[in-house]
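Here is a walk through one model, from single residues up to sheets and domains. Keep the viewer open while you read.

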Amino acid sequence: MIVHTSIANTSDAASWEQALVDAVDFLTAGQVVALPSETVYGLAADALDRKAVARIFEAKGRPSTNPLIVHVADEGMLETCAASWCSIAALLAKHFWPGPLTLVVPKKPIIPDEVTAGLNSVALRWPSHPLMQAVIQRFQGPLAAPSANLSNRLSPTSTEQVCAQLQGKIPLIVDGGSCSVGIESTVVDLTGSIPTILRPGVIHRGVLSALVPSIQMASGVMDPDEGLAQRSPGQHRQHYAPEASLRVCRWEDEPSLLGRMEHEGLDPAKTCVLCHERFPSSPPFMRVSVIPNDPEAYARALYAELFQCDQLRPQSILVEEPPSKEAWDGVLDRLQRAASGW
Ligand code: TXA
Ligand code: MG
């Protein structure tokens, strides 16, 4: 079914207020609304209304086996959702909330199975984006919201990117500008005996282990395709992918890069390059994007750059391999997933 998609701008006090009213009206009516968060745009619905939640899966084409993050904006909503709140959850929430960290904890029965894909746990996040917070508070209830993209596609960090994927499928997109974090939140599972990072993000294991020394990365424990898929069903390998084939590689200089591409049958005129340290010239490449050599600035720019590349319909996207330091974990993870189509 095709629906008319309105875009609510929030650039002055009156339009901000109108956007809030419209968003809450749709949510109260059991509809879905795309909202800005500090990480990526989310596709939100009433987390306690199973029919509304079903509309999220429908709009995204998301498999029902992939659970959603529930967003809260006060302690009361946390209590509505979490069956228990361990001391590590309290510590991490104190340090990083509101912000780009999601905590998986035991759930209360009020959270429908549709949200958690039948798991006994729920992923909770208290976002810092003022607009998302205002909508949750005005709605007075938790909102389930995955990233506002079609399943297995790039998460959007701007209204333009949400539109490109969901226009005609959802009634409202609230425009809150570009997302300041740029990649999805770090997901930490606190339901097992050892706190486990299921999805790395800008709050990386270095910072987390300073507070929780026992914390571990899930990939070191389980096969991402099998064990982990059970535990965090959204973590299949190909996720967050642009439409073009993406490959992560290193090069010494432009001649060596061109030589390698010729060997692999890649046409530079149909190839976009993303680099942060060794910049090839453009042309012969279709596009060369220079991303700052800093993990947070890189994360902020990554999806927007990949989106720009995709618009050109390249044959391939070559990404200069980022450093293998823990602050880059989130970026590396997204690049590896995007590259797994190869
Ligand atoms: O930054 C973000 O986290 C964004 C914004 C909108 O908040 N949301 C987001 O949602 O990235 P989504 O649905 O694209 O990713 C949610 C991730 C998935 O990998 C899912 O498997 C995992 O969280 N997850 C959700 N509930 C879980 C649970 N109960 N146990 C384990 N993993 C869970
Ligand atoms: Mg997603």
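Leu143 is buried, with a relative accessible area of 0% in this predicted model. You'll find Leu143 in strand S7, which covers residues 143–144. What does Leu143 touch, once residues up to four places away in sequence are set aside? The list has Leu27, Leu35, Ala44, Ala45, Asp46, Ala47, Ile69, Val70, His71, Val135 and Ile136. As for Trp16, Leu143 is 127 residues away from that one in sequence and 19 Å away in space, C-alpha to C-alpha.

S7 is part of an open sheet of eleven strands with mixed pairing. Reading across, the order is S1-S8-S2-S3-S7-S4-S6-S5-S9-S10-S11. Which strands sit at the edges? Those are S1 (6–8) and S11 (216–217), each of which pairs on one side only. At the S11 end, strand S10 (residues 196–199) runs parallel to S11, and two bridges join them. Thr196 has Gln216 in S11 as its bridge partner.

Gln133 belongs to helix H6, residues 130–139. Is Gln133 buried or exposed? With a relative accessible area of 17%, Gln133 is buried, the cut-off being under 20%. Beyond its neighbours within four places in sequence, Gln133 makes contact with Ala73, Pro98, Trp126, Pro127 and Ser128.

Helix H4 (residues 87–96) has two sides to look at. Ala89, Leu92, Ala93 and Phe96 are buried. Looking down the axis of H4, the buried residues fall within an arc of 100°, so they line one face of the helix. The other side of H4 has Ser87 and Lys94, which are exposed. And what covers the buried residues of H4? The cover includes strand S5 (101–106), strand S9 (186–189) and helix H8 (205–211).

Now for the aromatics. A pair of aromatic rings is described by the distance of the centres and the angle of the planes. The structure holds two such pairs, and here they are side by side:

| Pair | Centre distance | Plane angle | Geometry |
|---|---|---|---|
| Trp85 and Trp97 | 5.7 Å | 35° | tilted |
| Tyr298 and Trp328 | 5.3 Å | 70° | edge-to-face |

Trp85 and Trp97 flank H4. Trp85 is in the loop between helix H3 (75–81) and H4, while Trp97 is in the loop between H4 and S5, so the pair ties together parts that are twelve residues apart in sequence. Trp85 counts as partly exposed at 31% relative accessibility, whereas Trp97 is buried, with a relative accessible area of 10%. Why is the tryptophan pair called tilted? Its planes are at 35°, and the tilted class takes whatever falls between stacked (under 30 degrees) and edge-to-face (over 60). The rings of Tyr298 and Trp328 have planes at 70°, so that pair is edge-to-face. Tyr298 lies in helix H11 (residues 295–311) and Trp328 in the loop between S15 and helix H12 (329–339), so this pair ties together parts that are 30 residues apart in sequence. Both Tyr298 and Trp328 are buried.

Strand S12 (residues 245–249) pairs with S15 in the parallel sense over five bridges, with Cys249 standing opposite Glu320. Strand S13 (residues 271–275) pairs with S15 in the parallel sense too, over four bridges, and Thr271 stands opposite Ser316.

Finally, zoom out to the domains. The chain is divided into domain 1 (6–217) and domain 2 (245–339). Taken over C-alpha atoms, 29 Å separate the two domain centres. How many residues are in contact across the boundary? It comes to 22 residues of domain 1 and 15 residues of domain 2. About 1,600 Å² of area is buried between the domains, and carbon and sulfur atoms give 58% of that. On the domain 1 side, Leu154, Ile183 and Pro200 supply 31% of the area buried against domain 2, more than any other three residues.

Definitions and conventions. Residues are numbered from 1 along each chain as its sequence is written. Chains are lettered from A and ligands numbered from 1 in the order in which they are written. This is a predicted model: local features need pLDDT of at least 70, side-chain atom pairs count only at pLDDT 80 or more; totals for chains, interfaces and linings use all residues. Side-chain values use heavy atoms; hydrogens and water are left out. Two strands pair if DSSP finds at least two bridges between them. Buried means under 20% relative accessible area, exposed over 50%, partly exposed in between (1.4 Å probe, protein chains only). The arc is that of the directions from the helix axis to the C-beta atoms. Contact means heavy atoms within 4.5 Å. Rings of Phe, Tyr and Trp (its six-membered ring) pair if their centres lie within 6.5 Å; planes under 30 degrees apart count as stacked, over 60 as edge-to-face and the rest as tilted. Domain bounds come from an automatic or database domain assignment. Buried area is the accessible area (1.4 Å probe) that two parts lose on being put together, summed over both.
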